[in-house]
Amino acid sequence: MKLILLGAPGSGKGTMAQKLTAALDIPQISTGDIFRKNLKEETPLGLQVKSIMASGALVPDEITIEIVKNRLAEDDCQKGYILDGFPRSIAQAKALDGFQQVDYAVNLDVDKEVVVKRLSGRRFCPDCSGTYHVSALSDETVCPHCGGKLIIRADDAEETVRERQRVYESTTLPLLEYYDKQGKLLTVDGNGTVEEVYDRILAALK
Ligand code: AP5
Ligand code: MG
């Protein structure tokens, strides 16, 4: 299955992708995680995107499209994948249509105040890209998956979150209509517990 996960910053795309990737045995392709890995390793790409990500803006389409195109050409993506955080502009969606045919775009619809609560308690593991919420962690500093040191993402600062939300509304939201017109949009209520949302996604995909 070839899936796109759509939704505002903090709606739960990464959390749901991590569960789906295990259940469906297809890779999670998170452009945000790819950029964060490059930042951590201080590659030329990492240095290029550092200030853009810190501001909450989007990395230029041509850079992002090229990365995803190359990644989806790899062997492990041939039977399917979960795109988490791509596409997020009409230009990216049109480019994707040029080299891949996805089955569904799942939109996680979450109330604004819920998203704020989720992002303010998020912890991230730079070693394995695991994403958690403090409410579900016995130790806020240690990754329960790999033992790495958990951090607060730099772009979870209040002002940057506001900018990411603004960019989402102006540039990414039009994708809902884009995929609806293609008959591929599945909107799922993203409020509720991780298990509740996950079950709704599985039900929508059946
Ligand atoms: P990216 O990493 O994609 O960030 P985002 O889209 O803003 O989304 P988030 O990762 O913040 O949220 P999420 O929906 O994954 O939620 P999560 O599962 O973590 O992008 C970062 C930056 O990279 C961009 O700003 C941009 O600069 C650049 N970039 C990336 N892709 C790009 C592209 N295509 N084009 C251009 N630039 C790009 O959940 C949030 C929290 O809530 C966690 O703590 C989680 O544990 C918790 N949680 C999740 N679900 C639930 C639930 N049901 N109940 C309780 N808690 C929950
Ligand atoms: Mg994410």
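Which polar backbone atom lies 3.3 Å from a nitrogen atom of ligand 1? In this predicted model, the backbone atom in question belongs to Val194. Such a polar contact is a pair of N or O atoms within 3.5 Å; within protein, one must be able to donate a hydrogen and the other to accept it, and residues adjacent in sequence count only if both atoms are side-chain atoms. Oxygen atoms of ligand 1 also take part: one is 2.9 Å from a polar backbone atom of Gly14, and one is 2.8 Å from an N or O atom in the side chain of Arg36. Of the 1,100 Å² of accessible area that ligand 1 has on its own, the protein covers 94%, as computed by the Shrake-Rupley method with a 1.4 Å probe, where for residues only the protein chains shown count as cover.

Two or more residues of the shell around ligand 1 come from each of helix H1 (13–24), helix H2 (31–40), strand E6 (131–133) and helix H9 (194–205). Helices (H or I, at least four residues) and strands (E, at least two) are DSSP runs, numbered from the N terminus. The most is given by H2, with four residues. Around ligand 1 there are 33 residues, of which Thr15, Thr31, Ala57, Arg122 and Arg164 come nearest; a residue is counted if one of its heavy atoms lies within 4 Å.

Five strands form an open sheet with parallel pairing, in the order E2-E3-E1-E4-E7. Two strands pair if DSSP finds at least two bridges between them. Strand E2 (28–30) and strand E7 (185–189) each have a single partner strand and stand at the edges, so one side of each is left without a neighbour in the sheet.

Strand E1 (residues 2–7) has five of its six residues buried, that is, under 20% relative accessible area (1.4 Å probe, protein chains only). Its parallel pairing with strand E3 (residues 81–84) runs over four bridges, and Ile4 stands opposite Leu83. With strand E4 (residues 104–109), E1 pairs in the parallel sense over five bridges; here Leu3 stands opposite Tyr104, and Leu6 has Asn107 as its bridge partner.

Residues are numbered from 1 along each chain as its sequence is written, while chains are lettered from A and ligands numbered from 1 in the order in which they are written. Local features need pLDDT of at least 70, side-chain atom pairs count only at pLDDT 80 or more, and totals for chains, interfaces and linings use all residues, whereas side-chain values use heavy atoms, with hydrogens and water left out.

Notes. Buried means under 20% relative accessible area, exposed over 50%, partly exposed in between (1.4 Å probe, protein chains only).
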